[in-house]
Amino acid sequence: MEILPKMPKSWNPATKPHKFCPGCGHGLVLKALGQAIDELGVQDRLVFGCDIGCSLLAWDFFNVDTVQTHHGRTTPVMVGIKRARPELLTVAYMGDGGGYAIGSQHLVNAATRNDLITCILVNNTTYAMTGGQMAPTTVPGQKTETTPYGRDVEETGSPMLGPEMVAAISHAGAYVARGSVGRFRQLKNCLRKAIENQMAGRGFSFVEVLSTCPTNWRTDAEQTWGFLEETMPKYFPPGELKVPGGKEE
Amino acid sequence: MTGNEVVAWGALAAGAEIMYGYPITPQNEIMHYWTRLGPRFGKKFLQTEDELSAGFTTIGGVLAGKRAFTATAGPGNVLMQEPLSMAEAMRIPVVVVVQQRGGPSTATVIYSQQEVTLTCFGGNGEGLRLVYSTAFHQELFDYTVKAFNAAWKYRFPTFVLADGYQAKMRESLVIYDPAERGIEMVPSEPLVGKPGMPGTDRPPAHLRNAFSVEEELLAALGKDIEEYEAAAPEIVEADAFNAGEAGLLVVAHGIVFRSVAMAVRELVNQGERVGYFRPITLRPFPGAQLREAAQGAEQLLVVESAYGQLNKLVLENLYGSGVPVRTLFRPGVGITPEEVAEKCRALLAGKEG
Ligand SMILES: Cc1ncc(C[n+]2csc(CCOP(=O)(O)OP(=O)(O)O)c2C)c(N)n1
Ligand code: SF4
């Protein structure tokens, strides 16, 4: 008997199939997020904010109030909502460009202020929507449109370690983790804990997710999976980096 | 009290609930007074990391249904144009107080009318904003109250545009509860986080400013422009004196208007054929009122502490009327009634132009 995978309840069926490229990791992150929202029963009080970048394609993804904002500015919009209405749960959803380059000051300051929001940052090692340029997370030697001979760390620096930074600068109560679309169950748990952390009012929550972009990596299925499972974890080790009052996985 | 204190009291009277802000002279004391009023009146405040964040967090507050506002000036106003473009595109009723400072804005912090173009037309968009230019402390209070009402009524970003002089100087003020004057405050309401299960009890709010096809954007913009144009006659405000009689009509806004008003009244007392026209709303601009005031005038004099930012609006709105327009531009510098009177006398005597 064939069992079809169930769509999360919080998804908006009218906008499916979604608009991401085949093999894109965004769909899996949003599936994990949808399941986490369902399990926690928070669909009616969660506000989802998406950035510019491929994340913007999620503007009508859920049956959840959603605001699509500007490149790098999703974090302050969610902070603004949370400060005004603490009873709402706010999730800022962004790419590595949005979170680590243009919007890094917002990430740093929201973490420092211990703002009670949840940030999910999709790390696909590239600026996808603008056509595959170098991102802060592009790995050494990786070819992109603006590093056609491969990223040279002497010239452009090393890949940014976001969760490590957030773990270092955040305060008591913060939850920080790195998941991967290659480890779905673990990813869903991380996202769930990141929202639970906000619900408990403990502190800032941040999850980076290693994700795929076959379109801009110009990879087939096997190479895509290889890059995600073998290359990326060398630079970005998955796992929990900060768990308030709990054991780290 | 100082103008900045007036703004804080005005926001309080208007029922503002939360301010998001980033320090910049000359608006700092708005935050200082607001944070002092905060604990007494249950008001919230967040000091953000920069003006981009101040603008975007204000948007968040408004989306959450609160009467939220921010204040800035100079380079902060430049940075804030990004969030304000979003507010304009998404019809988010943010209220912003701008205490203009001189330019380029990294150094001069005292006085200017050089943020007119930026405030009216900055950012990506067509300038679908409301801009009230104040001249007196009482107006700072009145128009701060009005700004919250207009923002929530029309759903366009709304500005109170003052300047460093108004921010820092002291003048007396009558504080009042708008209700006592019969002013009914337009209620704020949440754009996200309404009661009920989205998708079941109510449609989910799916707010965006990115569109997949050009026609979709054109349709959205077309509707906004139409609504803006339809509301404009109701929003515009202007003040005129002796306009019909005037051989010379002097046009000024904001604090410069005070010098103009003094000079014109004195000249009229001396029997000169002078009048003034003052736009109070710079966006939308009271174009019809200006044309009417300018009818029969032999010449116009535009006076401003900028290099023709008001003048651009005047010329655009006077196009085709044929009245010659003279100017007195003192960018970033105060203008005294004596200077205005001297210029007027010279023009009336046919000495200049
Ligand atoms: C201020 C500003 N600068 C640049 C852009 C152009 N831009 C759009 S998406 C994007 C990159 C997005 O990359 P990332 O955040 O990593 O998200 P992804 O597309 O990979 O999901 C850029 C630079 C913009 N929209 N706004
Ligand atoms: S370009 Fe890359 S990140 Fe964007 S939708 Fe396609 S695969 Fe996903």
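Start at Asn124(A): one of its polar side-chain atoms lies 3.0 Å from an oxygen atom of ligand 1. A polar contact here is a pair of N or O atoms within 3.5 Å; within protein, one must be able to donate a hydrogen and the other to accept it, and residues adjacent in sequence count only if both atoms are side-chain atoms. Keep ligand 1 selected. Taken alone, ligand 1 exposes 600 Å², and the protein buries 74% of that (Shrake-Rupley method, 1.4 Å probe; for residues, only the protein chains shown count as cover).

A word on the model before moving on. This is a predicted model: local features need pLDDT of at least 70, side-chain atom pairs count only at pLDDT 80 or more, and totals for chains, interfaces and linings use all residues. Residues are numbered from 1 along each chain as its sequence is written, chains are lettered from A and ligands numbered from 1 in the order in which they are written, and side-chain values use heavy atoms, with hydrogens and water left out.

**Around ligand 1**

Select His26(A) next. An N or O atom in its side chain is 3.3 Å from an oxygen atom of ligand 1. Then pick Gly97(A), where a polar backbone atom is 2.9 Å from a ligand 1 oxygen.

Now show the whole shell (residues with a heavy atom within 4 Å). Ligand 1 has 16 residues around it, and the closest include Cys54(A) and Asp96(A). Color H3(A): four residues of the shell come from this helix, the largest share. Strand E5 (126–127) of chain A also supplies at least two. Helices (H or I, at least four residues) and strands (E, at least two) are DSSP runs, numbered from the N terminus.

By class, the ligand 1 shell has six nonpolar, nine polar and one charged. Ala, Val, Leu, Ile, Met, Phe, Trp, Tyr, Cys and Pro count as nonpolar, Asp, Glu, Lys and Arg as charged, and the others, Gly among them, as polar.

Cys24(A) is buried at 17% relative accessibility (buried means under 20% relative accessible area, exposed over 50%, partly exposed in between; 1.4 Å probe, protein chains only).

**Over to chain B**

Select His137(B), in helix H6 (residues 137–154) of chain B. Its relative accessible area is 0%, so His137(B) is buried. Its contacts (heavy atoms within 4.5 Å), not counting residues up to four places away in sequence, include Met1(B), Gln166(B) and Leu173(B).
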